[in-house]
Amino acid sequence: MELSNDLLFDMYWTMLLARRTDERAWVLHRQGKIAFHISGIGQEAAQVGAAFALQRGEDWVSPYYRDLALMLALGLTPLEFMLSVMGKKGEPSSGARQMPSHWGLRRANVLSHSAPVATQSLHASGVGLAIKLRGDKKVVLTTIGEGSTSQGEWYEAVNWAAIHKLPVIFMVENNSYAISVPQDKQMAVPSSADKACGLGLPGISVDGTDIVAVYEAMHTAVTRARSGEGATVIEARAYRLTPHSSDDDDRAYRTREEVESHKKNDPILLTRQMLLNKKIATQKKLDELEARAQVEIEQAVADATAAPYPAPEEALHPVYAEEVARA
Amino acid sequence: MPEMTLIDAIRQGMDEELARDPNVFILGEDVGVRGGVFRATMGLFAKYGPERVMDSPLAEASIIGVGIGAAMYGFRPICEIQFADFIHPAFNQIINEAAKMCYRSNGDWTVPMVIRAPYGGGIGGGLYHSQSLEAFFTHTPGLKVVVPSNPRDARGLIKSAVRDPNPVLFFEPKKGYRLIKGEVPEGEYLVPIGQAAVSRPGTDVSVFAYGMMHYYTLQAAEKLSAEGISVEVVDLRTLYPVDRESILASVRKTGKALVVYEDNLTGGYGAEIAALIGELAFTDLDAPVRRLAGPDVPAVPFSHPLQDWFMLNPEKIASAIRDLSKY
C-alpha cells in the first residue's frame with residue numbers, strides 16, 4: 001500500500017501537535033497551573049495511524065485515557081484540551097466534570113469513557129452490534145492499554161465481537177507498562193494480539209512507532225469490518241516515554257538507561273526522518289510546523305487560562321436525560 | 001378485564017413495546033428459543049426473531065455493557081439478568097457506566113435501557129437465587145429503580161421503563177411470578193415511574209412496602225381488619241426516585257409508620273424511608289417509625305426451616321403492625 005505524501009504529512013502534523021500539546025501540559029503541571037496530566041507521549045504514531053484509517057466523523061470510537069493524539073486527529077482542538085486540564089467551562093467531553101483525558105466528543109462519534117479500565121471495550125461491541133442490526137456500513141475503533149487486556153470485560157467484549165462478527169477494531173496500545181507493572185506480569189503470551197486466537201478472530205501485532213505499519217494494519221482491519229467479515233485485534237507496540245501520570249515517579253520501577261534507549265524509537269523522530277528521506281517535507285517546512293504548533297498551543301493556553309470556571313450550581317445537572325435541556 | 005399472572009403481564013408489556021418500537025430488543029441468557037428460565041420472554045423469539053430477542057454469552061457484565069453501547073447508538077435494549085443474584089459481575093457497568101453516562105458527558109450521551117432482574121426469596125433458591133439487591137441501586141443517582149407488585153402495574157410500568165430515556169432497574173418479585181394474579185385492563189395504558197399508590201386505605205397505621213412484601217402486607221391488613229385495626233397500605237412501586245409526597249401524606253393521616261422489606265435490615269431500602277419520615281413528618285408521628293426486614297445474615301439459606309426463619313410472611317407482618325398499633 002502506497003500512502004500519499006499529503007496523508008503522511010497530515011499525519012505527522014497531527015502527531016507533532018499532540019506531542020507539543022502533551023509536553024505543554026507537563027510544563028503547566030510543573031508550574032503548578034494544572035492539577036493533573038496523563039500523557040500519551042510515545043504512542044502518537046499508533047493513535048494517529050489508527051484514526052486516519054477511519055472515516056472520521058462517520059465511524060465510531062471508544063477510546064482510553066492516553067489518546068490525546070487520537071482525539072486531535074478526530075477533531076478535538078488544543079483549546080478544548082487545555083480547557084479540560086484546567087477544569088474550565090466549555091470543556092466538551094464532560095463540562096469539566098471528569099478529570100482531564102477522560103474523552104468523549106459527541107460531534108465526532110466518540111463515546112464517553114470512565115476510569116475503570118476495559119469498560120469501554122464492551123460499549124464498542126454494543127455499538128458494533130447496533131451498527132450490524134441497523135445494517136449501517138460503519139466501524140468502531142476501541143483502544144486500550146496492554147495491562148487492561150487482563151480485565152474480564154475486555155475478553156467479554158472481544159468474544160461478543162467474534163461470535164457476531166461485529167465491525168469492531170480492538171487496538172491494544174502496548175506501551176510496555178501498566179503504571180509500574182511490565183507486560184510479563186500481565187500475560188504469559190508475547191503479544192496481546194495472541195489472545196485473539198483463543199477467541200476466534202485475527203490478531204496482529206505491529207510496530208506502533210511506525211505510522212505506515214499502523215495505518216496499513218488498521219486499513220486492513222477496517223476494510224474487513226466494513227465488509228461484514230468481523231472484528232480484529234491489533235496490538236501496536238510502543239513505549240511509554242513518560243511516567244504514568246503527573247503523580248507517578250517511574251524511577252521506582254525502571255532505569256533511566258532503559259527509558260533513554262527507547263528515545264531512539266520516538267515516533268515523532270522516526271516519522272520526521274521519513275518525511276525528510278522521502279522528500280515529503282524540507283527541514284524548513286518542518287521548522288515551520290514547529291512554529292505553527294507553538295503558536296496554536298500558546299493561544300490555546302492563553303484562551304483556556306482566560307476562560308471562566310463552571311458555576312458551582314452546574315454540578316447539579318444533568319443526572320437524568322430529562323434534565324439535558326436545562327444543563 | 002382479563003385476569004393474568006404477574007409474569008404474563010410483564011411479557012405482554014414487553015411484547016407491546018417490541019411491536020411498537022423497532023429500536024427495542026431483548027438481550028440476556030436463555031431469553032431466545034427457551035423463552036427465559038422463568039419464561040418471561042416465552043414466544044417472543046418466535047414472534048420477533050433472533051435479532052430482537054437475543055441470547056447473550058453467559059457473561060453478565062457483557063449483557064449490560066453491550067446494552068449500553070447499543071443504547072448510545074439509538075437502540076432501547078431490555079437486558080435480562082437471569083437472577084438478581086448474578087447482577088454483581090455487571091455492577092461496574094451499571095454503577096460506573098450506565099448511571100453516570102448522562103452526568104459525566106454533560107448530557108451528550110444517555111443510556112435508555114431497562115435492566116430486568118428477578119429478585120427475592122421463598123422459592124428454595126438458597127443464597128444465590130434469592131437475593132434482594134435494590135439498596136445498591138437506590139443509592140445511585142442516574143438510575144431509576146422500579147419494583148412492581150401486581151400484574152396491572154407490572155404491565156404499565158415495564159412499558160414506561162422501556163420508554164424512559166434513562167437506565168431503569170426493574171426488579172421483579174419472582175416468588176410472585178405465578179402466585180400473584182390480578183385484573184389487567186385491556187388496551188394501552190402506562191403506569192408512570194415515580195408514583196406510589198395507596199393500595200388499601202386505612203386510618204390506624206401506614207405500612208410502606210413493595211414487590212412481594214406488598215402482596216403479603218395486603219394479606220396482613222385484611223386479617224387485621226377483622227381485629228378492628230385499620231391499616232393503610234402504600235405500594236411504593238418506584239423506589240428511586242421515591243414519591244415523597246405520597247409517603248408523607250399517608251403518615252400525616254395515620255401518625256404511625258411501618259416499613260416492610262425483604263432485604264437485610266441494616267442499610268436496606270426501608271432505612272431511607274424511615275429517615276425520610278423522621279426528617280419530614282416528625283411532628284405528625286405518634287409512634288417511632290419501625291422497620292420490619294430480613295435478618296442481618298448474608299443471604300437466604302436453602303433448607304426450608306432456615307429459609308422460613310429468614311423470610312417475612314403475612315403473619316410476621318401482621319404481628320408487627322399489631323404491635324405498632326398498640327403504641
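A: Chain B has a mean pLDDT of 98, and 100% of its residues reach 70 or more. pLDDT is the predictor's confidence in each residue, from 0 to 100. This is a predicted model: local features need pLDDT of at least 70, side-chain atom pairs count only at 80 or more, and totals for chains, interfaces and linings use all residues. Residues are numbered from 1 along each chain as its sequence is written, while chains are lettered from A and ligands numbered from 1 in the order written.

Q: What ipTM and pTM does the complex get?
A: The predictor gives 0.97 for ipTM and 0.97 for pTM.

Q: How many residues of chain A are in contact with chain B?
A: 35 residues of chain A, with 34 residues of chain B. Contact means C-beta atoms, placed from the backbone, within 7 Å.

Q: Which element gives the largest share of chain A's side?
A: Helix 5 of chain A, with 11 residues. Helices are DSSP runs (H or I, at least four residues) and strands likewise (E, at least two), numbered from the N terminus.

Q: New topic. Which residues of helix 10 of chain B are buried?
A: B:Tyr269, B:Gly270, B:Ile273 and B:Ile277. Buried means 20 or more other C-beta atoms within 10 Å of its own; exposed means 12 or fewer; partly exposed is in between, with C-beta atoms placed from the backbone.

Q: And which residues are exposed on the other side of helix 10 of chain B?
A: B:Ala275 and B:Glu279.

Q: What covers the buried residues of helix 10 of chain B?
A: The cover includes helix 9 (244-254) and strand 13 (257-264) of chain B.

Notes
Two residues are in contact if their C-beta atoms, placed from the backbone, lie within 7 Å.
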